[in-house]
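Open the model in your viewer and keep the sequence panel beside it. The stops below each give a selection and then what is found there.

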Amino acid sequence: MFTGIVEELGEVTAVEILDDASRFRLRGPVVTEGAKHGDSIAVNGVCLTVVEHEGEEFTADVMAETLNRSSLGALAVGSRVNLERPMAVGARLGGHIVQGHVDGTGEVLERKPSENWEIVKISLPADLTRYVVEKGSITVDGISLTVVDAGPDFFTVSLIPTTLDLTTLGLKQPGDPVNLEVDVIAKYVERLMGSQGAGR
């Protein structure tokens, strides 16, 4: 379980392409502190398991399902990534409940800078639109954000300078893919309401 509050901007240092998976080595001094085999670390919003850990770097295997459903397959050596360790029990929930299970990918459509913030417009897959509402929560590349506008096939978020400086959203340009995870509470409510309807 994560909160969507990115701890550091890491970097991909090696990529090994396997038959039905990929193995990534990533550098992140903050998230690797005290890390051990089997720990979870969110990489651009995808929950990955630490396979090896040495110094400020860790290795994680990414299976084909994850590569197909997320933007991790587009990562290369030198790519910057958002990193977050799981939330500790009893810690403050600074963002919202994030599972690290990507629901789909969007694409940066437009950036509108202003003096103190920047509006970013992102495409939204049709099967996710019902979960995205104005002023609701959404996770973009592992970042907990508040939806400003929710359109039929897009949404917008307003980014403060800290988010632009410390996450990949400060680097993304129109056409770049991003991982999306909608609010899990909305999915549970939909399932429960559907079950009630079926019961009647």
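**Between the domains**

Begin at the interface of domain 1 and domain 2, where the rule finds zero salt bridges. This is a predicted model, and its domains are to be selected as residues 8-84 for domain 1 and 104-191 for domain 2. Their C-alpha centres lie 22 Å apart.

Show the contacts between the two selections: twelve residues of domain 1 are in contact with 13 residues of domain 2. The size of an interface is often given as the accessible area lost when the parts come together. Here domain 1 and domain 2 bury about 850 Å² between them, with 50% of that area on carbon and sulfur atoms. What does the rule find across this interface in the way of polar contact? There are four residue pairs in polar contact, both residues of each pair being at pLDDT 80 or more.

Now select strand E6, residues 80-84, which gives the most to the side of domain 1 that touches domain 2: four residues. Colour that side of domain 1 by residue class, and its residues divide into four nonpolar, five polar and three charged.

**Salt bridges**

Side chains of opposite charge can pair when their charged atoms come close. The structure as a whole holds 13 salt bridges; three of them are visited here.

Select Arg 27 and Glu 11, whose side chains meet in a salt bridge with an N to O distance of 3.6 Å. Arg 27 lies in strand E2 (residues 21-27) and Glu 11 in strand E1 (residues 8-17), so this pair ties together parts that are 16 residues apart in sequence. Are these two side chains buried, partly exposed or exposed? Arg 27 counts as partly exposed at 33% relative accessibility, and Glu 11 counts as partly exposed at 28%.

Next, select Asp 61 and Arg 23, which form a salt bridge at 2.5 Å, N to O. Because Asp 61 is in strand E5 (residues 57-63) and Arg 23 in strand E2, the pair ties together parts 38 residues apart in sequence. Asp 61 has 33% relative accessibility and counts as partly exposed; Arg 23 is partly exposed as well, with a relative accessible area of 28%.

Then move to Asp 103 and Lys 187, a salt bridge whose closest N and O atoms are 2.8 Å apart. The pair links distant parts of the chain, 84 residues apart: Asp 103 is in the loop between E6 and strand E7 (104-113), and Lys 187 is in helix H3 (residues 184-199). Asp 103 counts as buried, at 17% relative accessibility, whereas Lys 187, at 24%, counts as partly exposed.

To finish this part, select Glu 11, Arg 25, Arg 27 and Glu 57 together: salt bridges that share partners join these residues into one network.

**A buried threonine**

Why does Thr 32 count as buried? Its relative accessible area is 3%, and buried means under 20%.

Leaving aside residues up to four places away in sequence, Thr 32 touches His 53, Gly 55, Glu 56, Glu 57 and Phe 58. Glu 57 in that list also belongs to the salt-bridge network with Glu 11, Arg 25 and Arg 27.

Definitions and conventions: Residues numbered from 1 in each chain as written. Predicted model: local features only at pLDDT ≥ 70, side-chain atom pairs only at ≥ 80, totals over all residues. Heavy atoms only, no water. Domains from an automatic or database assignment. Contact = heavy atoms within 4.5 Å. Buried area = accessible area lost by both parts, 1.4 Å probe. Salt bridge = Lys/Arg side-chain N within 4 Å of Asp/Glu carboxyl O. Polar contact = N/O pair within 3.5 Å; in protein donor to acceptor, adjacent residues only side chain to side chain. Helix = DSSP H or I, 4+ residues; strand = E, 2+ residues; numbered from the N terminus. Nonpolar A, V, L, I, M, F, W, Y, C, P; charged D, E, K, R; others polar. Buried < 20%, exposed > 50% of the residue type's maximum accessible area, 1.4 Å probe, protein only.
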